Amino acid sequence: MAFTAKDVVALREKTGVGMMDCKKALVETDGDMDKAIEFLREKGLASAAKKASRVAAEGSVAAYKDGKAGSLVEINCETDFVANGEPFKELANKVAKTVVEAKPADLDALLKSKVSDGDNTVEEAVQEVFLALRENMKVRRFARIEGHVITYIHMGGTVGVLVGFDTDDATAAKPEFETMGKDVAMQIAAMSPEYLSKDDISDEDLANLKKITIESALNKPESLPMPILTSLINEVIDGKKWSEDDINIYQGLDNKQRKNFTNFISKEALEILAATAVSHKAEIVDNKIFSGLVDGRINKQIKEICLLEQTFVKDDKMNVAQYISSVAKNLGSEIKISEYARFAKGEGIEKKQENFAEEIANMVK
């Protein structure tokens, strides 16, 4: 079957693949348009497999909601240039819509789902964009929440947030609810809470948090309560664990200077003081003053890592829970957060560190 230049252009318009690749596909399939498309897909699969080892840490986070549910999706690629292009953005939005419509149980199910507003699967849709852009790309993760949801996308897809609220339909339809939801979503985007509330912290996580807080305090003895710190310093001086220079420097400090004694003594002296504190761990932990310090630091951390306990960024006189309650009271209803998801583009993916000088040197060898 013969083909013309118009056929090559038509194939390019259907697939987004380069002209030369389209021409080759038509040659290989004797001008059959459907077979040419399939040929390009198969060729793309092989090419994608070769490029799969390349780090895809860029990309975009997209969101979608339809009144009954909402979704959040992260799709990765290799460069910002591709991530900011319309084909990639369109793909991300279609996949986000697919998550809401198809209700996939996991990532494999999503990839096998029919893509929204299309005839192929999500996996095939990703493949078609790869054919056009020639970068390793993959759907990394997704979240889906049913009910009344608010979505927020920051900076064109660098961070995405999906928040589910428990409230009635009438309240969810009000503009005040939408404003409140956006405020909460922006809070999540900015402050990246690890938990919804302190009640969601498991006993194991809480014990680990306490352990880390204790170890941190012991290894930074200058932050210990003054009675404990003074006792430790007397011990290292009386036992001559510090050098003579450090002992003389410390003893020569006035009361005001001793509050910042770490600025005067050596690094080695500070390490010895920390080791001494660690050696007395059992008795320090049992000290009521130290226990109060640890509890205070843990409570401060809880206010930082738990969404509802965080200080509200738009009004530091209240926390997020109080802000939501104030809006609910004004609307004469109940509003509670059921769950949330926050995706930051490429988080946790180790990016390849480029050494251009080394690369050029290797090229000229």
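Predicted model: local features only at pLDDT ≥ 70, side-chain atom pairs only at ≥ 80, totals over all residues.
Me: Which residue in β2 stands opposite Ala-63?
Reply: Leu-72 stands opposite Ala-63. Residues are numbered from 1 along each chain as its sequence is written, and side-chain values use heavy atoms, leaving out hydrogens and water.

Me: What makes β1 and β2 a pair?
Reply: Eight bridges join β1 to β2, which run antiparallel. Strands pair if DSSP finds at least two bridges between them, so β1 and β2 qualify.

Me: Why are β1 and β3 called edge strands?
Reply: The sheet is open, with three strands in the order β1-β2-β3 and antiparallel pairing. Strands β1 (58–65) and β3 (138–146) each pair on one side only, so they are its edges.

Me: Where is Ser-71, and why is Ser-71 called buried?
Reply: Ser-71 sits in strand β2, residues 69–77. Its relative accessible area is 0%. Buried means under 20% (1.4 Å probe, protein chains only), so Ser-71 counts as buried.

Me: Which residues does Ser-71 touch?
Reply: Leaving out residues up to four places away in sequence, Ser-71 touches several residues, among them Ala-62, Ala-63, Tyr-64, Val-99, Arg-144 and Leu-162. Touching here means heavy atoms within 4.5 Å. Ala-96 is also one of the residues that Ser-71 touches, and the side chain of Ser-71 reaches the backbone oxygen of Ala-96 at 2.6 Å.

Conventions. Helix = DSSP H or I, 4+ residues; strand = E, 2+ residues; numbered from the N terminus. Buried < 20%, exposed > 50% of the residue type's maximum accessible area, 1.4 Å probe, protein only. Polar contact = N/O pair within 3.5 Å; in protein donor to acceptor, adjacent residues only side chain to side chain.
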